[in-house]
Amino acid sequence: MSQGRGSASLPMVMVTVISLLCLLVLVERANAATYTVGGPGGWTFNTDTWPNGKKFRAGDMLIFNYDSTAHNVVAVDRSAYSSCNTPAGAKVFSSGKDQIRLARGQNYFICNYPGHCQSGMKVAINAI
């Protein structure tokens with residue numbers, strides 16, 4: 001059966017849909033904001049209130065600047081954030097210049113050096 005002018009084949013429709021999805025991902029990344037956690041002072045004590053008043057989106061980039069001999073950044077869940085404990089298998093960042101892209105929903109980060117999380121070296125960020 002021949003196809004007339006204006007009819008779209010399934011492969012062509014698939015290519016178009018995939019292309020549009022790729023374009024949407026690129027546009028979202030291009031619109032992503034970059035935040036330095038803690039502001040000019042960087043990732044340090046009492047940064048737990050730093051996110052207040054900011055609006056974060058999925059795909060935004062967090063930059064954690066800190067002295068890598070004295071601190072780190074650990075991606076944790078809500079329970080670990082609240083208790084300042086690092087669960088087995090948690091992702092630990094330790095470069096001193098870590099770049100972490102926010103996932104949609106709640107994102108929790110702590111420093112797991114003894115006493116640091118308890119001194120406010122933690123952030124909870126909701127990305128929409």
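**Exercise 1. Strand pairing**

Determine how strand 1 and strand 2 run relative to each other and how many bridges join them.

*Solution.* In this predicted model, strand 1 and strand 2 (residues 61-65) run parallel and are joined by three bridges. A residue-level view of this pairing is given by Tyr35, which stands opposite Leu62 in strand 2. The two strands belong to an open sheet of three strands with the order 1-2-5 and mixed pairing. Strand 1 (34-36) and strand 5 (97-101) each have a single partner strand and stand at the edges, so one side of each has no neighbour in the sheet. From one strand to the next, the twist averages 20°.

**Exercise 2. The chain as a whole**

Describe the secondary structure of the protein chain, its pattern along the sequence, and its burial and contacts.

*Solution.* Begin with the elements: the protein chain has two helices and seven strands. Their pattern along the sequence is α-β-β-β-α-β-β-β-β. Next, consider burial: 34% of the 128 residues count as buried. The accessible surface of the protein chain is about 8000 Å², and carbon and sulfur atoms contribute 57% of that area. Finally, turn to the contacts with a separation of 6 or more: 70% of them are between residues 24 or more positions apart.

**Exercise 3. The surroundings of Thr47**

Locate Thr47 in the chain, decide whether it is buried or exposed, and list the residues it touches.

*Solution.* Thr47 is found in the loop between strand 1 and strand 2. Its relative accessible area is 4%; since buried means under 20%, Thr47 is buried. Leaving aside residues up to four places away in sequence, Thr47 touches Gly38, Gly42, Gly120, Met121, Lys122 and Val123.

**Exercise 4. Aromatic pairs**

Classify the ring pair of Trp43 and Phe64 and that of Trp50 and Phe56 by their geometry.

*Solution.* A pair of aromatic rings is described by the distance of the centres and the angle of the planes. The structure holds six aromatic pairs. For Trp43 and Phe64, the ring centres are 5.1 Å apart and the planes are at 90°, so the pair is edge-to-face. This pair links distant parts of the chain, 21 residues apart: Trp43 is in the loop between strand 1 and strand 2, and Phe64 is in strand 2. Trp43 and Phe64 are both buried. For Trp50 and Phe56, the centres are 5.9 Å apart and the planes are at 50°, so this pair is tilted. Trp50 and Phe56 are likewise both buried. Ring pairs also link Tyr35, Trp50 and Phe56 into a cluster.

Conventions
Residues numbered from 1 in each chain as written. Predicted model: local features only at pLDDT ≥ 70, side-chain atom pairs only at ≥ 80, totals over all residues. Heavy atoms only, no water. Helix = DSSP H or I, 4+ residues; strand = E, 2+ residues; numbered from the N terminus. Buried < 20%, exposed > 50% of the residue type's maximum accessible area, 1.4 Å probe, protein only. Contact = heavy atoms within 4.5 Å. Areas by Shrake-Rupley, 256 points an atom, 1.4 Å probe, with all protein chains shown as cover. Pairing = 2+ DSSP bridges. Axes fitted to C-alpha atoms, helices over the stretch in contact; angles between N-to-C directions. Phe/Tyr/Trp six-rings, centres within 6.5 Å; stacked < 30°, edge-to-face > 60°.
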